[in-house]
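Q: I would like to learn how to read charged pairs in a protein structure. Could you take me through them slowly?

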Amino acid sequence: MTSEGARIALEVADWRRRVAAIYAEVRSADDAAIAHERWRVARDRLLAEHPATPLLPATRAGFTGVPVVPYDPAWRFELALASAEPARLDVATGTDGTVPFERVGAVEVPGVGSLDVWRLLSYGGGLFIPVRDALAGAAGGTYGGGRYLIDTAKGADLGGDPARGTLVVDVNFAYNPSCAYDPAWACPLAPPGNVVDVAVPVGELMPSGGY
């Protein structure tokens, strides 16, 4: 019989496998707007149906989907990874202990500003770009702790060109971290270099009543 810990590990592995498959489809799509709609539907299905969902049981029963702004191609960019002063970020989480990140550069997002790019220092690595914008915490706005643009360790990878030193940053795919749905989760949130004072009106939003 599978232990509780093994069952949870298998469910989380399957969640990440499915997320990675969703983003692989996005990267291979010819039409970004169609890919974005499929991404929205697939994420809602995961949240509603998957055993590893961060939705609380009471919320899950009446869940009808996360509010997502329709795709706007003006918010898709392929950006050069610029140099930045070295920095380290240690994030205390409830499940993974303290997770270390190092700043490996920054991207200049048109209409938004500079966002730090972080590399996960734990086994396996991965690039991480969160953002907290001026709509954070506002009614009908974005999650108060910020959203994620890229988290390649979790499969949220929109692509790029290592030879040219670029990353695809499509802000339409900004999504809420797990702690937006369950406060028991301790998520890496946007540090100062990823907080901007302008509105980023695309991607996932929070419903007016919260979750």
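Q: How many salt bridges does a search of the whole structure find?

A: Let us begin with the general idea, which is that side chains of opposite charge can pair when their charged atoms come close. In this structure, which is a predicted model, a search of the whole structure finds 14 salt bridges.

Q: Which residue forms a salt bridge with Asp14?

A: The partner of Asp14 is Arg17, and the closest N and O atoms of the two are 3.2 Å apart. Both residues lie in helix α1, where they are 3 residues apart, which is about one turn of the helix.

Q: Is Asp14 buried or exposed?

A: To decide, we look at the relative accessible area, for which under 20% counts as buried and over 50% as exposed. Asp14 has a value of 18%, so Asp14 is buried, whereas Arg17 has a value of 54%, so Arg17 is exposed.

Q: Which residue pairs with Arg43 in a salt bridge?

A: Arg43 forms a salt bridge with Glu204, and their closest N and O atoms are 2.7 Å apart. Arg43 belongs to helix α2 (residues 32-49) and Glu204 to the segment after β8 (166-170), so this pair ties together parts that are 161 residues apart in sequence. Both partners are buried, since the relative accessible area is 11% for Arg43 and 2% for Glu204.

Q: Where do Arg164 and Glu78 lie in the chain?

A: These two residues form a salt bridge whose closest N and O atoms are 2.8 Å apart. Arg164 sits in the loop between β7 (160-161) and β8, while Glu78 is in strand β1 (residues 76-80), and the pair therefore links distant parts of the chain, 86 residues apart. Arg164 is exposed, with a relative accessible area of 53%, and Glu78, at 37%, counts as partly exposed.

Q: Which residues do salt bridges that share partners join into one network?

A: The residues joined in this way are Glu4, Arg7 and Glu11.

Methods. Residues numbered from 1 in each chain as written. Predicted model: local features only at pLDDT ≥ 70, side-chain atom pairs only at ≥ 80, totals over all residues. Heavy atoms only, no water. Salt bridge = Lys/Arg side-chain N within 4 Å of Asp/Glu carboxyl O. Helix = DSSP H or I, 4+ residues; strand = E, 2+ residues; numbered from the N terminus. Buried < 20%, exposed > 50% of the residue type's maximum accessible area, 1.4 Å probe, protein only.
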